[in-house]
Amino acid sequence: ALPKRTKLFANYLNIDYLAMAWKPHKWSYSKIMTKYNLNNHEIATIGDQIFTDIRGANNSNIMGILVDPISDVDSIFTKKNRRKEKKFFNNNNIKRGEYYE
């Protein structure tokens with residue numbers, strides 16, 4: 001997400017954030033764990049993209065929680081990921097808006 005948008009949500013929720021994290025690269029997750037002195041089993045990633053947010057969490061052995069997107073407007077990079085994601089969901093009979101354990 002753009003830093004401005006991320007900051008808006010973080011301020012509203014009164015939480016810290018890392019904008020432009022370049023997920024799924026592990027360094028983003030390592031940076032957060034180091035900053036707060038946490039282990040991978042003590043945190044979770046919440047995101048709306050399986051190939052960035054959830055893949056990055058999986059690469060770092062962090063719990064990933066996939067949520068529905070909050071906006072219909074995506075950046076050009078996200079649009080490309082959404083097409084891959086749609087194909088992945090269709091091939092694996094996964095529907096957004098359904099909940100799995």
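Colleague: Why is Glu 85 called buried?

Modeller: Glu 85 has a relative accessible area of 3%. Buried means under 20%, exposed means over 50%, and partly exposed lies in between (1.4 Å probe, protein chains only). The value of 3% is under 20%, so Glu 85 is buried. Arg 82, with 16%, is buried by the same rule.

Colleague: What kind of model is this?

Modeller: This is a predicted model: local features need pLDDT of at least 70, side-chain atom pairs need pLDDT 80 or more, and totals for chains, interfaces and linings use all residues. Residues are numbered from 1 along each chain as its sequence is written, and side-chain values use heavy atoms, with hydrogens and water left out.

Colleague: What makes Arg 82 and Glu 85 a salt bridge?

Modeller: Their side chains meet at 3.3 Å, N to O. The rule asks for a side-chain nitrogen of Lys or Arg within 4 Å of a carboxyl oxygen of Asp or Glu. The 3.3 Å distance is within 4 Å, so the pair is a salt bridge. Both residues lie in helix α4, 3 residues apart, about one turn of the helix. Helices (H or I, at least four residues) and strands (E, at least two) are DSSP runs, numbered from the N terminus.

Colleague: How do you know that Asp 48 and Arg 82 meet in a salt bridge?

Modeller: The N to O distance is 2.9 Å. That is within 4 Å, so the pair passes. Asp 48 sits in the loop between β1 (44–47) and α3, and Arg 82 in helix α4, so the pair ties together parts 34 residues apart in sequence.

Colleague: What joins Asp 48, Arg 82 and Glu 85 into one network?

Modeller: Arg 82 and Glu 85 meet in a salt bridge. Salt bridges that share partners join Asp 48, Arg 82 and Glu 85 into one network.

Colleague: How many salt bridges does the rule give?

Modeller: The count is 4. One of them brings together Lys 23 and Asp 53, at 2.5 Å, N to O. Lys 23 is in the loop between α1 (3–13) and α2 (26–35), Asp 53 is in helix α3 (residues 50–59), and the two are 30 residues apart.

Colleague: Are Lys 23 and Asp 53 buried, partly exposed or exposed?

Modeller: Lys 23 has 33% relative accessibility, so it counts as partly exposed. Asp 53 has 4%, so it counts as buried.

Colleague: Why is the pair Phe 51 and Phe 88 called edge-to-face?

Modeller: The rule gives 2 aromatic pairs. In this pair, the ring centres of Phe 51 and Phe 88 are 5.7 Å apart and the planes are at 75°. Rings of Phe, Tyr and Trp (its six-membered ring) pair if their centres lie within 6.5 Å; planes under 30 degrees apart count as stacked, over 60 as edge-to-face and the rest as tilted. The angle of 75° is over 60, so the pair is edge-to-face. Phe 51 is in helix α3 and Phe 88 in helix α4, 37 residues apart.

Colleague: Are Phe 51 and Phe 88 buried, partly exposed or exposed?

Modeller: Phe 51 has 24% relative accessibility, so it counts as partly exposed. Phe 88 has 30%, so it is partly exposed.

Colleague: What makes the pair Phe 88 and Phe 89 tilted?

Modeller: Their centres are 6.1 Å apart, with 55° between the planes. Phe 89 has a relative accessible area of 6%, so it is buried. Phe 51, Phe 88 and Phe 89 form one aromatic cluster.

Colleague: Why does Lys 84 count as partly exposed?

Modeller: Lys 84 has 43% relative accessibility. This falls between 20% and 50%, so Lys 84 counts as partly exposed. Lys 84 is found in helix α4.

Colleague: Is Ser 60 buried or exposed?

Modeller: Ser 60 has 11% relative accessibility, so it counts as buried. Ser 60 lies in the loop between α3 and β2.
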